[in-house]
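Please read them alongside the model.

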Amino acid sequence: MSNAFEVNFDGLVGPTHNYSGLSYGNVASTGNQNAASNPKLAAKQGLAKMKALHDLGFKQGVLAPHERPDVASLRLLGFGGTDAQVIARAAKEAPAILAAATSASCMWTANAATVSPSGDTADGRVHFTPANLNNKFHRSIEHPTTRRILQAMFADESRFAVHPALPAQMHFGDEGAANHTRFCHEYDGAGVEFFVFGAAAFDSRYPKPARFPARQTLEACQAVARLHGLKEEGVVYAQQDPDTIDAGVFHNDVISVGNRNVLFHHEKSFLHQAEVLAELDRKLAAAGGNFIAIEVPEAEVTVEEAVKSYLFNSQLLSKPDGKMIIVVPEECRNIERVWAYLQKMSSAGGPIDEVRVFDLKQSMQNGGGPACLRLRVALSAAEIAAVNPNVMMSDALFGTLNAWVDRHYRDRLSPDDLADPQLLVECRTALDELSGILKLGSVYPFQLV
Ligand code: SUG
């Protein structure tokens with residue numbers, strides 16, 4: 001066994017978590033528009049997952065939330081005056097834009113960046129490209145802060161490279177690790193990086209979904225692979241089946257999940273699926289790994305059931321005995337056929353032999369399951385030692401963050417509350433304290449008055 005790990009950095013849910021129906025194509029988001037949210041409970045559900053995985057012996061870190069509402073974005077759109085006046089004008093003239101600027105969507109850190117471990121890159125550093133999240137306004141404003149936070153966590157430039165996001169344009173629409181999986185034998189050895197796109201921007205031969213947007217382009221995947229210095233024999237590109245995007249699979253991590261040498265996926269995940277699996281098998285074998293594909297047939301779990309349950313928005317975590325735990329949301333237990341499938345799979349003698357269930361309902365109602373909430377970074381022991389230690393989960397940090405949530409978060413936010421200028425003051429006060437706890441330096445541009 002090598003001395004390397006996959007570290008999961010979960011997004012700490014921010015104080016403005018709410019349901020604004022901002023993500024056309026994400027059926028949970030649009031379906032729960034205008035429901036009241038509970039930011040305090042959302043943050044605590046997320047922290048409980050982090051702590052439980054930490055207690056099981058997995059390496060777990062935290063990614064900090066962003067300042068919201070994003071007054072700077074509102075000013076760029078012509079709302080002027082004091083911060084309170086900016087919010088009041090936006091609330092009156094363009095409440096939907098205020099809602100977008102107030103979203104806590106950076107909590108879904110699978111969309112924060114694409115990460116290539118040092119075993120795959122030409123210069124032997126761990127590379128990060130923050131995702132431009134160009135398809136939705138509320139998400140497109142995340143990447144500058146995400147980059148500063150990543151730089152504050154992975155500051156050692158001899159080991160880590162944090163690139164700027166790709167050009168913010170639909171041709172290079174990039175959703176980060178939600179559409180990227182890395183297969184390997186050992187986390188610090190050479191691997192195969194699997195990029196999944198929804199459409200090609202410059203090549204009309206590729207099909208497109210008819211109803212919902214394809215958020216990720218082939219050209220964005222290729223640009224990230226170039227920036228990270230990946231070798232052709234260590235990369236596989238696949239197109240997501242456009243019909244599944246139209247059925248609500250807005251990211252690949254809603255229809256497949258991988259870890260080490262295992263891909264757990266639905267029968268209808270990719271176009272030309274047999275060829276894609278064969279290429280993964282061949283390339284992983286060349287990198288010293290034995291590829292195992294667990295394919296769930298439509299006859300056992302439909303795409304619709306996968307979208308409702310988030311079966312594939314799960315985490316696969318390697319245990320010391322080589323077997324894997326699958327971390328699923330409570331919703332999987334509520335759909336009989338999905339739960340039956342999980343029971344069957346985990347007792348069949350395959351690589352996944354344990355199921356753990358978490359209540360993440362606050363996030364799930366916006367279409368964010370266990371896998372959305374985490375950014376995976378495979379690191380050697382020496383690289384882990386170079387990470388800002390204050391962001392790593394511990395019993396003490398768990399206690400500190402829970403108390404911090406108790407001090408600063410509301411337990412109810414309705415659509416009308418987003419017009420309250422006090423929300424910005426509360427968010428800034430909380431983040432000012434948090435950046436001290438996590439020792440993030442000056443990642444937030446605001447000044448407390
Ligand atoms: O981008 N939802 C997020 C969910 C992201 C899930 N991430 C992954 N699958 N990795 C999105 O659609 C909804 C916000 C609202 O409607 O208020 C939202 O942004």
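**Notes on salt bridges, a strand pair and a surface patch**

1. Asp353 is partly exposed, with a relative accessible area of 31%. Its salt-bridge partner is Lys319, with the closest N and O atoms 2.8 Å apart. Lys319 sits in the loop between β12 (315-318) and β13 (324-329), and Asp353 in strand β14 (residues 352-358), so the pair ties together parts that are 34 residues apart in sequence. Lys319 is buried, at 14% relative accessible area. Keep in mind that this is a predicted model.

2. Arg337 and Glu305 also meet in a salt bridge, 2.8 Å from N to O. Arg337 belongs to helix α13 (residues 336-346) and Glu305 to helix α11 (residues 303-309), so this contact ties together parts 32 residues apart in sequence. Arg337 is partly exposed at 36%. Glu305 is buried at 17%.

3. Lys283 is buried, with a relative accessible area of 13%, while Glu279 is partly exposed at 23%.

4. The whole structure holds 27 salt bridges.

5. Strand β3 (residues 113-116) is covered on both faces. Ala113 and Val115 are buried on one side, Thr114 and Ser116 on the other. β3 pairs with strand β4 (residues 126-130) in the antiparallel sense, over four bridges. Ala113 has Pro130 as its bridge partner in β4.

6. Leu76, Leu77, Ile97 and Phe137 make a nonpolar surface patch of about 390 Å². Leu76 lies in helix α3 (residues 71-76). Leu76 is exposed, at 75% relative accessible area.

Terms used: Residues numbered from 1 in each chain as written. Predicted model: local features only at pLDDT ≥ 70, side-chain atom pairs only at ≥ 80, totals over all residues. Heavy atoms only, no water. Buried < 20%, exposed > 50% of the residue type's maximum accessible area, 1.4 Å probe, protein only. Helix = DSSP H or I, 4+ residues; strand = E, 2+ residues; numbered from the N terminus. Pairing = 2+ DSSP bridges. Patch = residues over 30% accessible without salt bridge, like charges linked within 9 Å, V, L, I, M, F, W, Y side chains within 5 Å. Areas by Shrake-Rupley, 256 points an atom, 1.4 Å probe, with all protein chains shown as cover. Salt bridge = Lys/Arg side-chain N within 4 Å of Asp/Glu carboxyl O.
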